[in-house]
2 protein chains.
Amino acid sequence: MSKTTTIVREGESCDVTCINPGKVRSLARSLPKASTVERISGIFQIMGDSSRLKILHCLSQGDVCVCDLSAVLGMNVSAVSHQLRLLRALNLVKPKREGRIVYYSLSNQHVGELMKMGLEHEREN
Amino acid sequence: MSKTTTIVREGESCDVTCINPGKVRSLARSLPKASTVERISGIFQIMGDSSRLKILHCLSQGDVCVCDLSAVLGMNVSAVSHQLRLLRALNLVKPKREGRIVYYSLSNQHVGELMKMGLEHEREN
DNA sequence: GGATTAGTTGCATAACTGTTCAAATATTAA
DNA sequence: TTAATATTTGAACAGTTATGCAACTAATCC
């Protein structure tokens, strides 16, 4: 039943042995486009680090300054700041300066919900 | 208002400058324990890669063999197999041999739901 | 038996990531 | 102004990761 078929995907074509050409074509069509997959995996990747997850967990309970985050996580202020920069770049958190102190908060509730989902998955496993 | 306090976290203590010792203590208490955070971030980390996300997306539509996955994703059979091993190790997918062909499927629906969440986040953003 | 096909695995490697250190910026206090 | 504090940033480093190649196992077909 094996067969060599030419699969066309996003402009380029390549010869691959595939068991079920029809299924392959329909699966290929069903995939969200590359940029979408990239952005979704980006979100998950960001949440795939314990330090960042802890930071987000703290912020889900209200504004926290960098200094306090550093104390809670038990890590370098600089390290925390680097991670906050990443989170800022992805619009997951936003800063608010008050004098010398910068308070961070979640930009929206989506991340909080994703975290809750993660916790539930964990519990059910 | 700044103050130097000793924060005790999981047996070890360290001196850190922190703005709000009370808040820090309560946040520290509110954090899920290390192993839990680790496992949750592990799940997200696994989904934080476009190849794996595509694989999982395919499997969310039914059983697919390694060969077809390779064709759909346009990548090496070996590379796909390596990723499947990771997913297997985390009990996210399971193999079923039929002759020479190995069909993979999702172990449970949790991952599918997480992916849906990701897609929704993406859309709302 | 030998040949072919599907998949796995170990190794090598290039690319990426998280953290730390040191230096810079910004704001307040003396 | 100088000193102190809160945060940011860039460079460097160690550790991890995704992929491809080559060699292997497993199953089928001749």
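This report describes the fold, the chain contact, the salt bridges and the cysteines of a predicted model.

## Fold of chain A

Chain A contains 6 helices and 5 strands. Their order along the sequence is β-β-α-α-α-β-α-α-β-β-α.

Chain A has 125 residues, and 47% of them count as buried. Of the contacts in chain A between residues at least 6 apart in sequence, 40% join residues at least 24 apart.

## Contact between chain A and chain B

The contact involves 53 residues from chain A and 51 residues from chain B. Together the two chains bury about 5000 Å², and 70% of this area is on carbon and sulfur atoms. On the side of chain A, the residues that lose the most area to chain B are F44(A), V72(A) and H121(A), which together account for 13% of what that side buries.

Helix 2 of chain A, residues 34–47, gives the most to the side that touches chain B, with 10 residues. By residue type, this side of chain A divides into 27 nonpolar, 15 polar and 11 charged residues. Between chain A and chain B there are 9 residue pairs in polar contact, counting pairs with both residues at pLDDT 80 or more. The number of salt bridges across this interface is 0.

## Salt bridges

Over all chains, the count comes to 2 salt bridges. In one of them, the side chains of D63(A) and K96(A) meet at 3.1 Å, N to O. D63(A) lies in the loop between helix 3 (50–59) and strand 3 (64–65) of chain A, while K96(A) lies in strand 4 (residues 93–98), so the pair ties together parts that are 33 residues apart in sequence. D63(A) is partly exposed, at 29% relative accessibility, and K96(A) is partly exposed at 41%.

In chain B, the side chains of D63(B) and K96(B) meet in a salt bridge at 3.2 Å, N to O. This pair links distant parts of the chain, 33 residues apart: D63(B) is in the loop between helix 3 (50–59) and strand 3 (64–65) of chain B, and K96(B) is in strand 4 (residues 93–98) of chain B. D63(B) counts as partly exposed, with 28% relative accessibility. K96(B) is also partly exposed, with a relative accessible area of 41%.

## Cysteines

A disulfide is a covalent bond between the sulfur atoms of two cysteines. The structure holds 0 disulfides over all chains. For C67(A), the closest cysteine sulfur is that of C65(A), and the distance of 5.3 Å is too far for a bond. The cut-off for a disulfide is within 2.5 Å.

In chain B, C58(B) is buried, with a relative accessible area of 0%.

Conventions
Residues numbered from 1 in each chain as written. Chains lettered and ligands numbered in written order. Heavy atoms only, no water. Buried < 20%, exposed > 50% of the residue type's maximum accessible area, 1.4 Å probe, protein only. Contact = heavy atoms within 4.5 Å. Buried area = accessible area lost by both parts, 1.4 Å probe. Salt bridge = Lys/Arg side-chain N within 4 Å of Asp/Glu carboxyl O. Polar contact = N/O pair within 3.5 Å; in protein donor to acceptor, adjacent residues only side chain to side chain. Helix = DSSP H or I, 4+ residues; strand = E, 2+ residues; numbered from the N terminus. Nonpolar A, V, L, I, M, F, W, Y, C, P; charged D, E, K, R; others polar.
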